[in-house]
Amino acid sequence: MDFFDQLFAPLVPVLGVGVVNFIIALIILIAGYIVAKLIERAVVAVLMRTDLDNRLARAMNSDPEEEPSVERALARFIFYLIMLFVLIAFFRRLGLDFITAPLNQLIASFVLFLPNLVAAIVIVAVGYLLARIARGLVT
């Protein structure tokens, strides 16, 4: 038995297992949403201190006000990633395995994609460094 099962055990005879599981799932969903929003705001605050938007805009020779906010896009991505895990926990608590199975496959596909993403970032970084070196040699 987990924490919620022990906490709501006295309500099972009164409300039934289905209603208690729904209440627990709703608590998981609401708490997960609040945590995801807090983390999203924290990520925006931390990334705003790095001045990431302005640096990327200068690197691309554009106006930082015209470009979409990189900080907010990354924070939104992290929010949705956290909410994906929250939804899996929510649906699993309700016993809806036909919904959690595709979501688990989505996460597995994302995890398998991560090494390719890291390799691409390394290749871009090395290319950028080589271009800076070449530019220094030419000028």
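For bends, I take the angle at a residue between two fitted axes, one through the seven residues ending there and one through the seven starting there. The model is a predicted one, so I keep that in mind throughout.

**Helix α6.** I checked α6 for a bend and got a kink of about 30° at Leu-114, shortly before the proline Pro-115. Next I looked at its length. α6 covers residues 97-138, 42 residues in total, and at 1.5 Å a residue it should span 62 Å; the end C-alpha atoms are 61 Å apart, which agrees.

Which residues of α6 are buried? I get Thr-100, Leu-103 and Ile-107. These buried residues pack against α5, residues 70-93.

**Aromatic rings.** I searched the whole structure for aromatic pairs and found four. One of them is Phe-79 with Tyr-80, edge-to-face, 5.3 Å centre to centre with 65° between the planes. Another is Phe-90 with Phe-91, also edge-to-face, at 5.2 Å and 65°.

Buried or exposed, what is Phe-79? Its relative accessibility is 5%, so I log Phe-79 as buried, the cut-off being under 20%. Phe-90, at 10%, is buried, and Phe-91, at 18%, counts as buried too.

**Around Phe-79.** I went back to this ring for its neighbours. Tyr-33, Phe-79 and Tyr-80 form one aromatic cluster. Lys-37 lies over the face of Phe-79, 5.0 Å from the ring centre.

How values were computed. Residues numbered from 1 in each chain as written. Predicted model: local features only at pLDDT ≥ 70, side-chain atom pairs only at ≥ 80, totals over all residues. Heavy atoms only, no water. Phe/Tyr/Trp six-rings, centres within 6.5 Å; stacked < 30°, edge-to-face > 60°. Buried < 20%, exposed > 50% of the residue type's maximum accessible area, 1.4 Å probe, protein only. Lys NZ or Arg CZ within 6 Å of the ring centre and 35° of its normal. Helix = DSSP H or I, 4+ residues; strand = E, 2+ residues; numbered from the N terminus. Expected span 1.5 Å × (residues − 1). Contact = heavy atoms within 4.5 Å.
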